[in-house]
Amino acid sequence: MRPVIYIPADSGAMALGAGRVARAFEEELFRRGLDVKIVRNGSRGLYFLEPMVEVETASGRFAYGPVRARDVAELLDAGLLDGAGGHPLFLGETEKIPFLARQTRLTFARCGVIDPLSLDAYRAHGGLAGLEKAVAMAPADIVKTVTDSGLRGRGGAGFPTGIKWKTVQDAVADRKYIVCNADEGDSATFADRMIMEGDPFVLIEGMAIAALATGAQKGFVYIRSEYPHAVAVMREAVRVATSAGILGPSVLGSGHGFDIEIRVGAGAYVCGEETSLLNSLEGKRGVVRAKPPLPALEGLFGKPTVVNNVISLASVPVVLDRGASFYKDFGLGRSRGTIPIQIAGNVRRGGLFEVAFGLSLGEIVEEIGGGTASGRPVKAVQVGGPLGAYFPPALFDTPFDYEAFAAKDGLIGHAGITVFDDTVDMMAMARFAFSFCAVESCGKCTPCRIGSVRGAETLDKVAAGIAHADNLALVTELCETMKFGSLCALGGFTPYPVMSAITHFPEDFAPRPMAQAAE
Ligand SMILES: Cc1cc2nc3c(=O)[nH]c(=O)nc-3n(C[C@H](O)[C@H](O)[C@H](O)COP(=O)(O)O)c2cc1C
Ligand code: SF4
């Protein structure tokens with residue numbers, strides 16, 4: 001058997017040197033006259049081990065990492081092509097690495113396993129089975145399957161995907177659209193990027209299923225400009241899928257036509273908000289639209305539109321393939337299926353961990369993530385991006401579940417978590433939340449546009465010890481106004497990081513001796 005070496009071309013792995021490692025392997029294999037196939041795969045999401053190189057042998061797939069270019073000759077000498085152990089970078093059989101072995105990979109089943117742009121590899125690993133089943137189903141049955149699976153939007157709001165699809169399906173219009181939200185602006189998140197770079201056909205398949213279900217003829221993937229590699233992979237995947245008849249005038253011979261176009265955003269956090277995104281797609285300024293009308297009824301160019309996150313859409317093929325009850329069996333309460341948790345910040349084992357809902361936050365941070373990279377105690381964990389609450393270790397028993405997080409005044413959002421050690425200044429983090437909102441506000445409503453600026457100013461007064469108690473009370477009052485008076489969740493959720501910081505870390509908001517002296 002001709003050995004196969006896998007070296008990720010994922011941009012996270014590339015940032016850590018995977019490109020240099022691939023070149024070093026090419027040169028060294030050539031120098032030794034060895035006939036070895038190199039496949040540039042996506043990432044498995046074990047970023048603490050990237051660049052992770054794998055070799056496929058007759059006895060399985062073995063991993064080495066993190067590999068640097070200068071390790072390559074030594075690894076080959078140590079028998080990498082036979083999957084030999086003994087070298088310090090040897091990690092064993094890939095699937096048995098504890099970080100991977102504990103996962104339930106449904107959405108990310110192929111990510112990091114195959115050549116992302118090989119349709120043959122995609123099919124060989126179960127790809128297109130969901131779409132094939134959907135082609136043979138009535139649209140109403142596709143929608144029912146998605147509804148029964150319990151799948152909820154993974155973009156942040158957790159709205160049931162099947163119900164959104166049903167609204168678009170029931171709408172009567174000459175044109176309908178599927179818009180994939182790949183703006184992925186939340187801190188600590190990279191799941192959308194990983195899928196687009198590592199398994200782009202699963203997203204295309206999910207969008208095609210959505211089109212069959214709702215009667216949409218055209219799809220757009222709106223990708224943030226900071227993801228040039230994902231843009232390139234998606235464009236090529238759409239080209240391959242179109243020439244293979246997965247997209248085009250008759251999706252897999254169904255008679256239903258569906259095309260996909262890739263669009264690149266200009267880089268505004270608020271353009272991840274669905275109505276702002278639709279304005280941006282239409283060539284307008286990325287300003288939030290008032291709802292109603294819902295995008296499902298009057299969305300892109302005023303037509304019924306499904307707007308779904310990358311992970312929501314990429315989870316649909318497995319739902320169709322394995323059935324609603326298979327998917328629904330994972331998870332707890334109203335949070336069904338699996339969720340790709342993205343662990344980042346000051347953490348030992350940063351990466352993507354797909355698992356059924358229900359792990360406690362403490363298990364994720366301490367057991368999976370391995371605690372802080374600095375070795376100092378964890379002080380706070382922000383869950384759900386820049387608009388998410390800060391959780392102290394006292395709340396680490398909270399299960400990863402939409403309702404459980406809401407009950408603790410938090411949110412899961414796009415499932416990114418950022419870990420901080422005990423050196424973090426929570427007043428500075430609260431101020432950052434206001435200033436982030438001020439910078440990213442679309443400006444349409446007053447509580448967000450003005451409130452965020454006043455919030456940062458008032459916290460500066462708190463830090464300076466000026467009328468300390470009154471200004472802290474003012475911040476709380478301002479948060480109430482922003483929470484209930486903002487048009488969208490940018491202004492409406494900025495109070496979450498601010499108030500959680502004040503509530504759980506009051507000691508960080510005490511008057512500061514230095515500042516008082518300056519007064
Ligand atoms: C300020 C703001 C930014 C958002 N950014 C994103 C984003 O980057 N990606 C995303 O999928 N949803 C984002 N959302 C949520 C979207 O508005 C929308 O709920 C989502 O795309 C719907 O897809 P889903 O039902 O599959 O989650 C954002 C919302 C707000 C208020
Ligand atoms: S809350 Fe902020 S971002 Fe949202 S509509 Fe109002 S001004 Fe725009």
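**Close-up views of a predicted model**

**View 1. Contact between E197 and S11.** The side chains of E197 and S11 form a polar contact at 2.7 Å. The model shown here and in the other views is predicted. E197 belongs to helix α9. Its relative accessible area is 3%, so E197 counts as buried.

View 2. The shell around ligand 1 has 19 residues, of which G155, E274, N308, N309 and S312 come nearest. By class, the shell holds four nonpolar, nine polar and six charged residues. The space that ligand 1 takes is the largest pocket. Two elements, β9 (305-309) and α22 (489-493), each give two or more residues to the shell around ligand 1. Strand β9 gives the most, with three residues.

View 3. On its own, ligand 1 has 610 Å² of accessible area, and the protein covers 92% of it.

View 4. Which residues come nearest to ligand 2? They are C442, K444, C445, C448 and C488, out of 13 residues around this ligand. The shell of ligand 2 divides into eight nonpolar residues, four polar ones and one charged residue. The space taken by ligand 2 is the largest cavity.

View 5. N346 sits in the loop that runs between β12 (338-345) and β13 (351-356). Its side chain makes a polar contact with the side chain of D421 at 3.1 Å. A polar atom of the N346 side chain also lies 3.1 Å from the backbone nitrogen of S374. With a relative accessible area of 40%, E366 is partly exposed.

**View 6. Two cis peptide bonds.** Most peptide bonds are trans. The bond from G65 to P66 is cis, with omega near -10 degrees. P66 is in the loop between β4 (60-64) and α3 (72-77). The bond that joins P292 and P293 is also cis, and its omega is about 5 degrees. P293 is in the loop between α12 (274-281) and β9.

**View 7. Two residues with positive phi.** A negative phi is what most residues other than glycine have. E184, which is not a glycine, has a positive phi of about 25 degrees. This residue is in the loop between β6 (177-182) and α9 (191-198). Is E184 buried or exposed? At 5% relative accessible area it is below the 20% limit, so E184 is buried. F301 likewise has a positive phi, near 50 degrees, and is not a glycine. F301 is in the loop between α12 and β9. F301 has a relative accessibility of 47%, which lies between the limits of 20% and 50%, so this residue counts as partly exposed.

**View 8. Y64 and F432.** Y64 is part of strand β4. Y64 has a relative accessibility of 1% and therefore counts as buried. F432 is 368 residues from Y64 along the chain, and 39 Å separates the C-alpha atoms of these two residues.

Terms used
Residues numbered from 1 in each chain as written. Chains lettered and ligands numbered in written order. Predicted model: local features only at pLDDT ≥ 70, side-chain atom pairs only at ≥ 80, totals over all residues. Heavy atoms only, no water. Near = heavy atom within 4 Å. Areas by Shrake-Rupley, 256 points an atom, 1.4 Å probe, with all protein chains shown as cover. 1 Å grid on protein atoms, 1.4 Å probe; cavity = no way out; pocket = protein on both sides within 12 Å on 5 of 7 lines; lining within 4 Å. Sits in = over half its atoms within 2 Å of the grid points. Helix = DSSP H or I, 4+ residues; strand = E, 2+ residues; numbered from the N terminus. Nonpolar A, V, L, I, M, F, W, Y, C, P; charged D, E, K, R; others polar. Buried < 20%, exposed > 50% of the residue type's maximum accessible area, 1.4 Å probe, protein only. Polar contact = N/O pair within 3.5 Å; in protein donor to acceptor, adjacent residues only side chain to side chain.
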